[in-house]
Amino acid sequence: MKEKFERTLVILKPDALQRNLLGEIIRRFEHKGLQVVGLKMIQMGDILIDEHYAHHKDKPFFNSLKNFMKSAPAIVMVLSGINAISAVRLLVGPTRGHEADAGSIRGDFSLSGQSNIVHASDSKDTAEAEIKRFFTADELFDYSKPAELYIYADEGFK
Ligand code: CMP
């Protein structure tokens with residue numbers, strides 16, 4: 001895959017907060033070398049959920065998904081980096097936790113199809129729309145990191 005610099009949207013869902021997993025999940029993204037360029041806590045409501053999950057509105061699980069997404073606050077974040085959209089999807093794993101490989105976030109922390117800890121944008125167009133949905137331009141930050149830290153975020157890597 002050709003390397004390109006991208007931004008992607010991640011939601012740490014209510015179950016991530018309720019299970020005290022925020023630090024663990026953000027650590028994984030940071031250690032991969034992804035840069036956090038936007039981050040905030042929100043309470044999702046009906047209008048935002050209807051818009052964000054419009055493509056699922058006719059699915060039998062939609063009402064249950066809505067109640068789940070409203071059950072506690074969520075953390076929304078924008079991550080930036082090389083091929084960030086596909087890199088984040090690999091770290092997150094497929095939708096159903098019970099099908100996700102060990103080592104991925106869903107593989108390590110979820111057995112569920114619904115309570116699957118994180119949402120991550122699935123394409124460039126989706127990422128652009130989702131970032132605009134949750135962040136204004138002045139909530140996103142552009143800052144530099146030394147190149148070697150950007151790629152190898154683990155402490156002590158030489
Ligand atoms: P996400 O990646 O945010 O995209 C849509 C969400 O719908 C998904 O994660 C799950 O939280 C939820 N979802 C998908 N399939 C099911 C299902 N079969 N039953 C319940 N919830 C689901």
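Which residues are around the ligand?

**View 1. Residues around the ligand in the predicted model.** The residues around the ligand are Lys13, Tyr53, His56, Phe61, Leu65, Thr95, Arg106, Gly113, Gln114, Asn116 and His119. Sorted by class, this shell holds 3 nonpolar, 6 polar and 2 charged residues.

**View 2. Polar side chains at oxygen atoms of the ligand.** In Lys13, a polar side-chain atom is 2.8 Å from an oxygen atom of the ligand. For His119, the distance from a polar side-chain atom to an oxygen atom of the ligand is 3.0 Å. An N or O atom in the side chain of Arg106 lies 3.2 Å from an oxygen atom of the ligand. The ligand taken alone exposes 460 Å², and the protein buries 81% of that area.

**View 3. Lys40 over the ring of Phe135.** Lys40 lies over the face of Phe135, 4.8 Å from the ring centre. This distance is within the 6 Å cut-off for a charge over a ring. The count of aromatic pairs in the model is 0.

Technical notes. Residues are numbered from 1 along each chain as its sequence is written. This is a predicted model: local features need pLDDT of at least 70, side-chain atom pairs count only at pLDDT 80 or more; totals for chains, interfaces and linings use all residues. Side-chain values use heavy atoms; hydrogens and water are left out. Rings of Phe, Tyr and Trp (its six-membered ring) pair if their centres lie within 6.5 Å; planes under 30 degrees apart count as stacked, over 60 as edge-to-face and the rest as tilted. A charge sits over a ring if NZ of Lys or CZ of Arg is within 6 Å of the ring centre and within 35 degrees of the ring normal. A residue is near a molecule or strand if one of its heavy atoms lies within 4 Å of it. A polar contact is a pair of N or O atoms within 3.5 Å; within protein, one must be able to donate a hydrogen and the other to accept it, and residues adjacent in sequence count only if both atoms are side-chain atoms. Accessible areas come from the Shrake-Rupley method with a 1.4 Å probe; for residues, only the protein chains shown count as cover. Ala, Val, Leu, Ile, Met, Phe, Trp, Tyr, Cys and Pro count as nonpolar, Asp, Glu, Lys and Arg as charged, and the others, Gly among them, as polar.
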